[in-house]
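Subject: Structure handover

Hello,

Here is the structure I promised to pass on. Please open it alongside this note.

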Amino acid sequence: MKPFSAEEIHGVWGTVLLPILKDQSIDWEVLENALKFTLDAGLNGIYTNGSAGEFYNQTEAEFDKLSELVAQEAENAGVPFQLGCGHFNPLLSLERVKRVKSLSPCALQVILPDWIKTNNKETLKFLEKTASTAAPIGLVIYNPPHAKKKLPPEDYANILMEGLPVVGCKTAGGDKEWYSKMNNLPKPFSYFIPGHFMVTGITQGAKGTYSNIACMHPKAVIKWYRMMGEEPERAQLIEKQLLLFFEREILPLILEEGYCDVAIDKFLAGIGDWSMTGTRLRWPYTGIDPERIINKRRKLNKYVPEFFKGLD
C-alpha cells in the first residue's frame with residue numbers, strides 16, 4: 001500500500017485489540033478472527049498498537065508477528081492500515097520503525113519518548129530521525145492526555161514548519177480556540193479526536209477518529225459515521241446520549257475505581273458483544289470483571305437503543 005498524505009487520512013479507524021489468555025500469552029486465533037471482523041466492517045482503516053493494543057507490554061517477537069499478520073490481512077482485504085511503533089525506549093521505537101516499514105503501511109504511529117519528558121528541541125530531534133528512518137512513509141503522533149509531553153497546536157505548527165513528514169496526530173481535542181488553531185496549521189494535517197466526540201470534532205474540523213467507539217462495535221460506529229451525512233441531527237443526538245452514558249456509567253470506572261483507558265476499551269468491546277477478546281489485561285494491569293458487562297450493556301441500550309440494530 002502506498003504512503004498516505006495528510007489529506008488521505010480521514011474518517012473512522014479501528015484498533016486491533018490484544019486478547020490475553022490466562023497464562024498471559026496472546027490468543028492469536030481470537031485476534032485474527034476479531035481482525036477479520038473489523039476489516040469487514042466498512043471502516044476507513046485500521047491500526048495497531050494504540051493503548052488498547054498494549055504496545056507497551058509486548059515482546060519484540062510479538063510486535064513483529066502482530067504487524068506482519070495485520071499487514072497481510074489488511075492488504076488482502078484492501079483496507080488501509082497504520083502500524084503503531086510506539087515504545088517508551090526511543091531506540092526500540094526506532095528499531096520497530098525500521099523493521100515494519102517494509103510492510104508498506106499507509107502511515108506509522110509513534111509516541112514521544114515518555115520516561116523522561118522531551119523539551120521542544122528534543123521532540124524535533126526525535127521526530128526528525130524517526131521520520132527519516134520511516135521515509136517515504138509519514139508519521140502520525142499518538143499524543144493522548146496521559147502523555148508526559150502534551151503537544152498544543154503551536155507545537156504541531158513548529159513541527160510542520162520544520163518540514164518534517166508528520167501527516168497527523170491522535171489527540172484529545174479541545175475548545176473552539178484549539179480547533180481554530182488546528183484548522184489553521186501551515187500545512188495539511190490530519191488530526192483525529194476520540195470516538196465519543198466524533199460528531200462534535202469532525203463538525204469543527206477534525207479529519208476523523210481513531211475510535212474507542214469502534215472498540216465497542218466496528219459496524220455500529222461506521223453506521224453512526226455515515227449517519228452524519230444522511231441524518232446529521234440524529235447523529236448529534238446519538239453523540240449526546242453516548243456522552244451521557246460515558247459520563248454516568250464509564251467515567252466512574254476510571255475516576256472512582258482506578259481502571260485505565262486500556263481496560264475501558266476492552267470492556268467496551270465486551271459491551272458491544274462482537275468479539276471474544278475479553279477484558280483481561282497483561283500483567284501487572286487489571287481488567288474489568290466481565291460479569292459487569294451485561295449490566296452496562298443494558299444501560300447502554302437505554303441511552304442509545306438503536307445503536308446495535310441492523311448490524312447483521
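Below are the findings, taken topic by topic.

Please keep in mind that this is a predicted model.

**Helix 9 and its surroundings**

Helix 9 covers residues 218-230, 13 residues in total. From first C-alpha to last, helix 9 reaches 19 Å. That is close to the 18 Å expected at 1.5 Å a residue.

Which residues of helix 9 are buried? They are P218, K219, A220, V221, I222, W224, M227 and M228.

**Helix 10 against helix 12**

Helix 10 also meets helix 12 (residues 293-303). Their axes come within 9 Å and cross at roughly 145 degrees. The crossing is right-handed.

On the helix 10 side, the contact uses Q241, L242, L244, F245, R248 and E249. Helix 12 supplies K296, K299, L300 and Y303. By type, the residues of this contact divide into 5 nonpolar, 1 polar and 4 charged.

**Aromatic pairs**

A search of the whole structure finds 15 aromatic pairs. Two of them are described here.

Take Y47 and Y210. Their ring centres are 5.1 Å apart and their planes stand at 70 degrees, so the pair is edge-to-face. The pair links distant parts of the chain. Y47 sits in strand 2 (residues 45-47), and Y210 sits in strand 8 (residues 208-210). The two are 163 residues apart. Are these tyrosines, Y47 and Y210, buried or exposed? Y47 is buried, with a relative accessible area of 3%. Y210 also counts as buried, at 3% relative accessibility. Both belong to one aromatic cluster, formed by W13, Y47, F192 and Y210.

Now F245 and Y303. Their ring centres lie 5.9 Å apart, with the planes at 65 degrees, so this pair is edge-to-face too. F245 is in helix 10 and Y303 in helix 12, so the pair ties together parts that are 58 residues apart in sequence. Both residues are also on the list of contacts between these two helices. F245 is buried, with a relative accessible area of 0%. Y303 counts as buried at 15% relative accessibility, because the cut-off for buried is under 20%.

**Backbone points to check**

Most residues other than glycine have a negative phi, and most peptide bonds are trans. The following places depart from that pattern.

Where are the cis peptide bonds? One joins A135 and P136, with omega about 10 degrees. P136 is in the loop between helix 4 (120-134) and strand 5 (139-142). Another joins W283 and P284, again with omega about 10 degrees. P284 lies in the loop between helix 11 (261-272) and helix 12.

Then the positive phi values. Q24 has a phi near 80 degrees and is not a glycine. Its place is in the loop between strand 1 and helix 1. Q24 is partly exposed, with a relative accessible area of 26%.

D273 is not a glycine either, yet its phi is positive, at about 60 degrees. D273 is in the loop between helix 11 and helix 12, the loop that also holds P284. At 54% relative accessibility, D273 counts as exposed.

Best wishes

Definitions and conventions. Residues are numbered from 1 along each chain as its sequence is written. This is a predicted model: local features need pLDDT of at least 70, side-chain atom pairs count only at pLDDT 80 or more; totals for chains, interfaces and linings use all residues. Side-chain values use heavy atoms; hydrogens and water are left out. Helices (H or I, at least four residues) and strands (E, at least two) are DSSP runs, numbered from the N terminus. The expected span of a helix is 1.5 Å times one less than its number of residues. Buried means under 20% relative accessible area, exposed over 50%, partly exposed in between (1.4 Å probe, protein chains only). Axes are lines fitted to C-alpha atoms, for helices over the stretch in contact, and angles run from 0 to 180 degrees between N-to-C directions. A crossing is left-handed if the near helix is turned anticlockwise from the far one by less than a right angle, and right-handed if clockwise. Contact means heavy atoms within 4.5 Å. Ala, Val, Leu, Ile, Met, Phe, Trp, Tyr, Cys and Pro count as nonpolar, Asp, Glu, Lys and Arg as charged, and the others, Gly among them, as polar. Rings of Phe, Tyr and Trp (its six-membered ring) pair if their centres lie within 6.5 Å; planes under 30 degrees apart count as stacked, over 60 as edge-to-face and the rest as tilted.
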